[in-house]
Amino acid sequence: MKLSMKNWILAAAASPLLFSDLNTVHLASADIGAITLKTPSPPSIAVANDNHIAGSPPFVNGKVFVHGVVQEVPRDEAELDHGVGRVKLSDVYGCCAKVSSTGSATAPKIEDEECPEKTTTSSSSSSDSSSSLIISPVVIGTMPQFTQSQSLQTLQSAVEAWNGGSGTWPQMSLSERISSIQSLIANLQQKRNEIINVLMWEIGKNYKDAEAEFDRTIQFIQKTISYIQSSDEFAPSTWDETHAPTKLYASRAAIGIILCLGPYNYPLNETYATLIPALLMGNIVLLKVPTVGGLVHLLTMEAFAKSLPKGTVQLISGSGRTTMPPLMESGKIDGLAFIGGSRAADRLIKAHPEPHRLKLFLQLEAKNMGIYLPDLFENGLEGGNGSDWDKIMEETVAGTLSYNGQRCTALKLLFVPKSHSEKFATTLAKRVERMSIGLPWELHDEHNTEGSSKAIYSQITPLPNLSRVSYMKELIADAIKKGASIVNRQGGDVIGGPKSTLMVPAVLHPVTPDMKIYEEEQFGPIIPVAPYDSLEDDVVPYARDGKYGQQVSIFTSKSTCNGMKSNALTIAKLIDPFSTIFGKININSQCGRSPDAAPFSGRRSSALGVMSVRDALIEFSVPTVISYKDDVRIENGKGESNCGIAELITEMERNSTFLTRVN
């Protein structure tokens, strides 16, 4: 059936719509052409014969994991064991789940300690508020809401597990901890399908990306373990004899109790990229479950309980503003692993009575630039530069709109030579218009230039909640008011009624310094194109004087040798100043964290600390050195030398877990 994008008409039976009743809805109007929006697929559509991946919503019961015990929280708020007491529950809504003829559910607001800072002043609206076809959130689980007292009780359990560094987990050998984490991997993999399904329903991540998040998380853990096992840095195989007569054994040991707060956009991968290295180094971890994206953590509780000693990991859920300040104010938190907004991070750090001894690892906001050099346009768009241009546009679309642009590493401002910026924006808009829009588990037919097609999952999916939609609209409205235009058809429209968060991406041009979108991180499906006259006068000062310093992408032509030397000189003149501004400079590719072996860093208000397979281990540990001089003899108390220091060291090694080699 054909429906107008601006005037939705319900074309179904009089009975309420159910998932099993819905088919593909075709949308068209005279001015925009035909667009296909796939409504939720029936449960019979499964991926790889996997019954978990389907069009029916999951439901995750609220649980707590404290004192090494997993307990399900009853609806009647009954008293829980192990001193937890009564725990309230709140409903968790899927971002995109329910399609019906009416809708009343609302999604929870993301707290600013768990995502980049946003001040929302405008209200959300859809492309047609009177639409009869409504995409609305549905309850997919319940989340325990800890009180301040319960948060402090959980902290006390962590203090007991740490026991001043003498607890079971910190005193285990590195080999023993590795074995426990390998057991955790095996237990987590049993939950793979459930976790992928919940990632789709709660935060709108399409099946392919949800699958990749889980699998990459497991790979990161495995690579981290392999690095430890192959490196002398964390459990040396021999003593260092290069400083004779002193011999040294330098390894790394835990910091203490780490408070770990992960983001909503990658609740598993980003969180575990700090959580697992901290655990492997012997730390005790308190994990704050994000307000949105938190259900996946409830699914992991049993895996932790089965694999690790009591109290090694504990989860705290509920309002961050309620539960987190008391922990910091106690002074018993030794390290903070925080991925989110800088202002929230500052509040937590200031709450600690001795912030000078608080080990910090922060991944915060970014406003990553894409810079397009003039040589790209010498032969015209989509013309003489052929495959170079196609590749660059693929990188641009992926860099700006992968997971709806909800990535700290997304390209968030594109600088294009002024004489070519309008045509660039138009060309980019055409590619954006070809993207599939729908719900996370839906398959679409993608047609290539040769006429063949393949099935792909929705590339644009609903945002997690209405506050995100509202902020996108605020940025778009401000840009339009100050002279920008939406270049692509239906850009910024919301499909599916007033409760829907399924937003069509918006390509904005021309974006100028007086617009909010020029400075603020959108963290969503908006692509701002900013014309520039001069790299030296417009682009370099933006980087030099800006608030953020995570990554930048520089795009240039490389299809022929003509002008190669000139291009290289131009890029070199950008790399030198950028090397002290950004953590990573990408040439002809989008920004990103991968590969996991590479340092992922940033400067200014973008990051403090380095993430990678190796660097995360360094961040959550401290070097400890054992030394002796090999010319010293041990006296027997009678003035006789009957034992050398080497014999003493050998006996120490037999009895020390710290000196134990990694298997």
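In this predicted model, Ile-527 touches Thr-400, Leu-401, Leu-414, Leu-428, Val-432, Ala-506, Val-507 and Leu-508, leaving aside residues up to four places away in sequence. This briefing begins with the surroundings of Ile-527 and then turns to aromatic pairs, of which there are 19.

- Ile-527 belongs to strand 26.
- The relative accessibility of Ile-527 is 1%, so the residue counts as buried, the limit for that class being under 20%.
- Val-397 and Ile-527 are separated by 130 residues in sequence, while their C-alpha atoms are 9.1 Å apart in space.

**Aromatic pairs**

- The number of aromatic pairs comes to 19.
- One of these is formed by Tyr-249 and Phe-658, with 6.0 Å from centre to centre and 70° between the planes, an edge-to-face arrangement.
- This pair links distant parts of the chain, 409 residues apart: Tyr-249 is in strand 11 (residues 246-253), and Phe-658 is in the segment after helix 19 (645-655).
- Tyr-249 has a relative accessible area of 0% and is buried, whereas Phe-658, at 26% relative accessibility, counts as partly exposed.
- Tyr-264 and Phe-523 also form an edge-to-face pair, with ring centres 6.1 Å apart and planes at 70°.
- Tyr-264 is in the loop between strand 12 (257-261) and helix 6 (269-280), and Phe-523 is in the loop between helix 15 (516-519) and strand 26 (526-532), so their pairing ties together parts that are 259 residues apart in sequence.
- Tyr-264 counts as buried at 1% relative accessibility, and Phe-523 is buried with a relative accessible area of 4%.
- A cluster linked by ring pairs consists of Tyr-372, Phe-377, Trp-389, Phe-424 and Phe-555.

**Lys-205 and two tyrosine rings**

- Lys-205 lies over the face of Tyr-266, at 3.5 Å from the ring centre.
- Lys-205 also lies over the face of Tyr-403, where the distance to the ring centre is 4.6 Å.

**Helix 4**

- Helix 4 has 12 residues (residues 192-203), which at 1.5 Å a residue should span 16 Å; the C-alpha atoms at its ends are 16 Å apart, in agreement with that value.
- Nine of the 12 residues are buried, so helix 4 is largely enclosed by the rest of the structure.
- The buried residues of helix 4 are Ile-195, Ile-196, Asn-197, Val-198, Leu-199, Met-200, Trp-201, Glu-202 and Ile-203.
- Gly-204 follows helix 4 and has a positive phi, near 75°.

- Three strands make up an open sheet with antiparallel pairing, in the order 10-11-32.
- Strand 10 (240-243) and strand 32 (622-629) are the edge strands, each of which pairs on one side only.
- On average, neighbouring strands of this sheet are turned by 40° against each other, with direction ignored.
- Strands of a sheet pair through backbone hydrogen bonds, in either a parallel or an antiparallel sense.
- Strand 10 and strand 11 are joined by two bridges in the antiparallel sense, and they form a hairpin with two residues between them.
- Within that pairing, His-243 stands opposite Thr-246 in strand 11, and the bridge partner of Asp-240 is Leu-248 in strand 11.
- Strand 11 pairs with strand 32 over eight bridges, again in the antiparallel sense.
- Ala-253 has Val-622, in strand 32, as its bridge partner.

**Strands 15 and 16**

- Strand 15 (residues 335-339) and strand 16 pair in the parallel sense over five bridges.
- Leu-336 has Leu-360, in strand 16, as its bridge partner.
- Four of the five residues of strand 16 (residues 359-363) are buried, and the strand is mostly covered.

Terms used:
Residues numbered from 1 in each chain as written. Predicted model: local features only at pLDDT ≥ 70, side-chain atom pairs only at ≥ 80, totals over all residues. Heavy atoms only, no water. Phe/Tyr/Trp six-rings, centres within 6.5 Å; stacked < 30°, edge-to-face > 60°. Buried < 20%, exposed > 50% of the residue type's maximum accessible area, 1.4 Å probe, protein only. Lys NZ or Arg CZ within 6 Å of the ring centre and 35° of its normal. Pairing = 2+ DSSP bridges. Axes fitted to C-alpha atoms, helices over the stretch in contact; angles between N-to-C directions. Expected span 1.5 Å × (residues − 1). Contact = heavy atoms within 4.5 Å.
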